[in-house]
Each structure stands twice: as structure tokens, then as C-alpha cells.
Amino acid sequence: MNRGHYRGHPRGHDPIPEECQWPYRRQRSVSSEQLVSPGSGGLPVVHHSRYVCELPPRHRFPMGKFPRVLQVLLQDQVISEQQVWTPELVSEDVLRGVHTAEYIHSFLSGTVEEEAQRRTGFPWSPGLVRRCRYETGGTLLAAEVALQRGLACSTAGGTHHAYPDRGSGYCLLNDLAVTAQHLRSSSSPLSSSSSSSSPSGRKVLIVDLDVHQGDGTAFIFKDEPGVFTFSVHSQKNFPLRKQRSDLDVGLPDATEDGRYLSTGKLAFLIEAHLPGLLDSFRPDLVLYDAGVDPHQDDELGRLRLTDRGLYQRDLYVMKTVVARGVPIATVVGGGYARDVDKLAVRHSIVHRAATQVWKECGL
Ligand SMILES: [Zn+2]
């Protein structure tokens, strides 16, 4: 990778920090040439009004957070409506790249056993199917846009507990895995300068910082050298039975910013791993699960990160990836609180950090 060939920002303003140089790979065409920008040069944000569905009264999952995330971003003028991209329903074919035909058939047609539904945490409904397909389509679109623009963020996604043949822990379709698999199988590596040693397809690094281990994703790619799964999570939290990611960092209960983050600079525990992973694995794309359930006020997390800690975390991950010229797409991941407004603001931290990276790095 030749970082010395940076060509400068086409709009010719804002000095570009040293660590944010973007090399030539973004100029290359990708498989999604049909993608058309909504008409803004700002950070692409992928959202669909149907990321939500009806749930029974007093259901624990804070479904209302998804539209609120976009509302908060617009109200606070973090983004404008021109930056919003709208995904399509993910196709059954693409889903079958990861999920079994039997599972996809039963989930889409509503014949999932009651006990299996109970394990997912959601009662089946046509609206649930539609929501999950838009959400997975959103992650896929964010990844495709990121391949063109360098960085893109969805306002949903991160359903990392779903396995090929079943849902689990509020996750029905594994959007991260479906996206990684589709991008691997749909084209060859972007750059002839890539050090890719895999026989075909892009190499994808999944950075999963949700407080729960990305067990479904780890299982799906356990024998796939072209996808590297990296999970930092609360060791004692769900799932009790962990899978083996390519790299797992299990944290003790009540880990605070001070331990999760290195003090004095925008870096944290994973600085010991992420730069080295990027340099050795040389991914063509990073999928980043920016779960906010490590927050101190989260109902299901067992860690004690603050808003500032999450912001520093997200900023560090995205800057580190972008600085190497690697495209990165983000999903919101887990976050659980009764106050949906507060939760939406928490989820918007990754978009705020991404906006800073977008500006500072001249994307
Ligand atoms: Zn989680």
C-alpha cells in the first residue's frame, strides 16, 4: 500500500492530518457502479424507515431507537437529509450465502418453531421479517458505499448472534456475516497492490466491540481465512457458551474507560491489536460493530464506559482504519435502555465520530 501517493482532497479545503491520508484505492471502480449518491459530499448514512416493526406491549427490545437515531442526527445537524441512503430488502439469494435454505424458508414464511422463536427474543411476524431484511440490506449498502467513499454508517445492524440455521439473542439474520460473505463472493480484490493471499474475493476484517461476543459471526467464519473476526466483549456476559473468534478479548466486569482506553490519547485497549491486524491481514474492507452496550447505563452490559469513552473508541477505530486506506462500514450494534431518546443519542456517537473522521480525513 502506498500512502505516499495521496492526491489531495478534490474540494481543496481543510488541511488533512498526517494520520488520515487516503490512498488511491478509493478511485477504483467496484462492483456497485450502479450506486448513485443521494447528492451530498458528506458522510453517507444508510437508513430505512422500516428498520422497525411492531412488538408486543412492554417488550424489552427498544425497537423505537432506530428512527430516533436518524432524527437525532438531523435535529443536531450532524448530517443533512441529502446524506441519507436508502437500502433495499436483502435478497433470499444473498441470505443463502450464510444461512441455510431451510432456515431462510422457515423464517421468511413464518414456520419457525415456537421454542426457536423464544430463543431469538422476538415473536415472528411479517413485519419482523421485513425489518431484518431491510436492516441486512442496510449493512450491505453501507459496505458497498464504503468501498466507493471510504466510510459509511448504517443506523441499524450488528446482529452478530445469528447462526446459519437459527436466530439467537435478538438476532435473526447475521447482517455482518451476510455482507462479508456477499462481498467476498461477488468480486475480486479491489487493488492489484493488495497482498491478498486468498484465492478469490475481498478480505474482510470484522471488528466487533459490542459488549457481547460476536458468537454467530465467529462460528460462521471459523474456517474462512478470508474473513478475520475480532471481538472485544464482557467475558461473563451473554452468550454463556462462547465461540472462538480469530481474536477474542474478554473483559472483566465493570471495566471502565481508564482500562478500556489508554489515558492521554485517543486510543484504547485494542490499540494493542488493531494496527497489527490491519498491517498483517491487509483487509479490503472493515465492518465495524460499534455496539453501545459497554456503556455504564446500559441495562444488559456489564462494563462502565462513558459517552466520551465510546466516542474515543469509535474515533480511534475509524481513524486507524482510514489512515491505512482501508474502507470501513459501521453498524450500531447493541444498546439497551428504557429511555429510547437517551439511547438514540448514545447510538449516534458513532455517526458523530465518523463525521469528524470524514472531515478531518478529507473523504
Ligand atoms: Zn450486545
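Predicted model: local features only at pLDDT ≥ 70, side-chain atom pairs only at ≥ 80, totals over all residues.
The peptide bond from Phe238 to Pro239 is in the cis form, and its omega angle is near -5°. Pro239 lies in the loop that runs between β5 (227-234) and β6 (247-251).

Positive phi angles in residues other than glycine occur at Arg58 and at Gln77. For Arg58, phi is near 65°, and the residue is part of the loop between β1 (45-46) and α1 (65-75). With 5 other C-beta atoms within 10 Å, Arg58 is exposed, because a residue counts as exposed when that number is 12 or fewer. Gln77 has a phi near 60° and is located in the loop between α1 and β2 (84-85). Gln77 is likewise exposed, with 7 other C-beta atoms within 10 Å.

Helix α11 spans residues 340-347, and its buried residues are Leu343, Ala344, Arg346 and His347. When the helix is viewed down its axis, these buried residues fall within an arc of 160°, so they line one face of α11. In an α-helix there are 3.6 residues a turn, so residues three or four places apart point the same way.

Note on methods. Residues numbered from 1 in each chain as written. Helix = DSSP H or I, 4+ residues; strand = E, 2+ residues; numbered from the N terminus. Buried ≥ 20, exposed ≤ 12 C-beta atoms within 10 Å, placed from the backbone. Arc of directions from axis to C-beta.
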